[in-house]
Amino acid sequence: MKATVENMLVNAKTVEVMEFVEILNLITNSDNEHQLRTSMSLYSSEIKYFEYGFGKNHLWVSRKSGNGERLIFVEF
């Protein structure tokens, strides 16, 4: 898997930064697509400031209150 932080998290509150770091931790602690999907699903109820989605071979993460640009892109 290859994770890329595509854009900076600008003007974020502390709780947003903590949630962003937790999402990054979930990504870096996952060894494969299945593990990443499971981790994100288990954590989804705690994700309040970001939205994410899976494609056939990727995961994207963006800020809910942002302009829709991706912050994180993970290829697997």
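Predicted model: local features only at pLDDT ≥ 70, side-chain atom pairs only at ≥ 80, totals over all residues.

Residues are numbered from 1 along each chain as its sequence is written, and side-chain values use heavy atoms, with hydrogens and water left out.

**Stop 1: E16.** Select E16, which sits in helix 1 (residues 14–28). Helices here are DSSP runs of H or I with at least four residues, strands are E runs of at least two, and both are numbered from the N terminus. Is E16 buried or exposed? Its relative accessibility is 5%, so E16 counts as buried; the cut-offs are under 20% relative accessible area for buried, over 50% for exposed, and partly exposed in between, using a 1.4 Å probe and protein chains only. Now show contacts (heavy atoms within 4.5 Å). Skipping residues up to four places away in sequence, E16 touches L9, N11, Y49, F50, R63 and S65. Its side chain also reaches the backbone nitrogen of K13, at 2.7 Å.

**Stop 2: the core.** Next, pick I23, I27, F50 and I72. Within the largest nonpolar core, which has 14 residues, these four touch the most other members. Such a core is a set of buried Ala, Val, Leu, Ile, Met, Phe, Trp, Tyr and Cys residues joined through side-chain atoms within 4.5 Å. Helix 1, helix 2, strand 3 and strand 4 each supply at least two residues of this core, and helix 1 gives the largest share, four residues. Zoom in on I23: leaving aside neighbours within four places in sequence, I23 is in contact with M40, Y43, I47, F50, V61 and I72.

**Stop 3: helix 2.** Select residues 33–43 and look down the axis. The buried residues of helix 2 are L36, S39, M40 and Y43. They cover an arc of only 95° around the axis, so they lie on the same side of helix 2; the arc is taken from the directions from the helix axis to the C-beta atoms. What do the buried residues of helix 2 pack against? Their partners are helix 1, strand 2, strand 3 (58–63) and strand 4. At the N-terminal end, N32 caps helix 2, with a side-chain oxygen 3.2 Å from the backbone nitrogen of H34.

**Stop 4: the rings.** Select Y52, F54 and F76, which form one aromatic cluster. Rings of Phe, Tyr and Trp (its six-membered ring) pair if their centres lie within 6.5 Å; planes under 30 degrees apart are stacked, over 60 edge-to-face, and the rest tilted. The structure holds three aromatic pairs. The rings of Y52 and F54 have centres 6.1 Å apart and planes at 90°, so that pair is edge-to-face. For F54 and F76 the centres are 6.4 Å apart and the planes at 45°, so this one is tilted. F54 lies in strand 2 (residues 50–54) and F76 in the segment after strand 4 (70–75), so the pair ties together parts 22 residues apart in sequence.

**Stop 5: N67.** Finally, jump to N67, in the loop between strand 3 and strand 4. N67 is exposed, with a relative accessible area of 66%. A polar atom of its side chain lies 3.2 Å from the backbone nitrogen of E69.

Definitions and conventions:
Polar contact = N/O pair within 3.5 Å; in protein donor to acceptor, adjacent residues only side chain to side chain.
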